[in-house]
Amino acid sequence: LTKQNARWVTGIALIVANLMPLAGVVLLGWEPGALLFAYWLESAVVGFFNVIKMAQAEGPVLAEAASEGREVKEGDLRRLSELRQSAEGRSVWLGRILGSIAEAAKAQRARQQGSSPASVASEQPISRTISSVAKVPLMLFFLVHYGIFMTVHAVFLLSFFSLPRLPVEQWLLTTLLLFTSHGVSYLVYFLGRGEYRVISTGEQMGRPYGRIAVMHITIIFGAMLIQALQAPAL
């Protein structure tokens, strides 16, 4: 997809997904708590896709190229290569340790198979191994930390509003639309336009937190405004 077409595709998906909460309030009689719970659910969808993105992120931090929705160009990739080589140079001692382990395992496997080490297929580049190993604790940390934010978010909701009682099909449709919207963005931008090549796992980990901050502010001040004006539809 071209940059313009990508914006149209993801924009339409975003609008359609957010029409459901609007229709819920205007047409289906949703209370404010139901609306805010719907966006709490969207935060969970955001976290789900963020874990996948963290697992697929390949590069060191390159913030100006990794802005969501920006096309990845050849110049970005050249700079990415330079940064990656620099990172590998700084971690050469770790590479030697892991390389020695890999060579020992390869030799052991060769002896078990009755062949020479040279005949065994070469392993993946050691830099890839380091990157893959380093992602696991970051992903686990994100799951715990983001889960805490989601829990606090839910506590705020439950303290202001009771648990919404909506038909199951409305929750399922809302979830499907939100999941589709973020899924389309993930496919078009992160994979299709190559964001995964220029953003690090650590930088990707921090992406959802700006949204979480806005959501908490919305909950607090939105609930105060609704209670003060006694206007749930607002």
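Helices (H or I, at least four residues) and strands (E, at least two) are DSSP runs, numbered from the N terminus. With that settled, I opened my notebook at Thr 10, which sits in helix 1 (residues 3–26).

**Ground rules**

I am working on a predicted model, where local features need pLDDT of at least 70, side-chain atom pairs count only at pLDDT 80 or more, and totals for chains, interfaces and linings use all residues. Residues are numbered from 1 along each chain as its sequence is written, and side-chain values use heavy atoms, with hydrogens and water left out.

**Entry: Thr 10**

Thr 10 comes out buried, at a relative accessible area of 11%. Next I listed its contacts, a contact being heavy atoms within 4.5 Å. Setting aside residues up to four places away in sequence, Thr 10 touches Val 184, Ser 185, Val 188 and Tyr 189. I also checked one C-alpha distance: Thr 10 and Val 184 are 174 residues apart along the chain, yet their C-alpha atoms are separated by 6.2 Å.

**Entry: the overall picture**

I counted elements and got nine helices and zero strands. Read from the N terminus, the order is α-α-α-α-α-α-α-α-α. The protein has 234 residues, and 35% of them count as buried. I then looked at contacts with a separation of 6 or more, and 82% of these are between residues 24 or more positions apart.

Gln 170 is in helix 7 and counts as buried at 15% relative accessibility. From Gln 170 to Pro 21 I read 9.7 Å, C-alpha to C-alpha, across 149 residues of sequence.

Thr 174 is in helix 7 as well, and is buried with a relative accessible area of 0%. Leaving aside neighbours within four places in sequence, Thr 174 is in contact with Met 20, Trp 30 and Ala 38.

**Entry: aromatic pairs**

My rule for a pair: rings of Phe, Tyr and Trp (its six-membered ring) have centres within 6.5 Å, and planes under 30 degrees apart count as stacked, over 60 as edge-to-face and the rest as tilted. Searching the whole structure gave me 12 aromatic pairs. I picked Phe 49 and Tyr 186, whose ring centres are 5.7 Å apart with planes at 40°, so this pair is tilted. Phe 49 belongs to helix 2 (residues 32–56) and Tyr 186 to helix 7 (residues 168–192), so the pair ties together parts 137 residues apart in sequence. Phe 49 is buried at a relative accessible area of 7%, and Tyr 186 is buried too, at 10%.

I then turned to Phe 149 and Tyr 209, an edge-to-face pair with 5.3 Å centre to centre and 65° between the planes. Phe 149 lies in helix 6 (residues 126–160) and Tyr 209 in helix 9 (residues 209–229), so this pair joins parts 60 residues apart in sequence. Phe 149 is partly exposed, with a relative accessible area of 29%.

I also noted a cluster in which ring pairs link Phe 48, Phe 49, Phe 179, Tyr 186, Phe 190 and Tyr 196.

**Entry: nonpolar cores**

A nonpolar core here is a set of buried Ala, Val, Leu, Ile, Met, Phe, Trp, Tyr and Cys residues joined through side-chain atoms within 4.5 Å. The largest has 13 residues, and those with the most contacts inside it are Trp 30, Leu 157, Leu 166 and Trp 171. Helix 2 and helix 9 each supply at least two residues of this core, and helix 2 gives the most, with five. I followed up on Leu 157, which touches Leu 36, Phe 37, Trp 40 and Ile 219, not counting residues up to four places away in sequence. A second, separate core of 10 residues includes Val 51, Met 54, Phe 142 and Met 150.

**Entry: helix 2 against helix 9**

How do these two pack? I noted an angle of about 175° and axes 11 Å apart, where axes are lines fitted to C-alpha atoms, for helices over the stretch in contact, and angles run from 0 to 180 degrees between N-to-C directions. That makes helix 2 roughly antiparallel to helix 9 (under 35 degrees is roughly parallel, over 145 roughly antiparallel, 65 to 115 roughly perpendicular and the rest oblique). Helix 2 brings Pro 32, Tyr 39, Trp 40, Glu 42, Ser 43 and Val 46 to the contact, while helix 9 brings Arg 211, Ile 212, Met 215 and Ile 226.

Key:
Buried means under 20% relative accessible area, exposed over 50%, partly exposed in between (1.4 Å probe, protein chains only).
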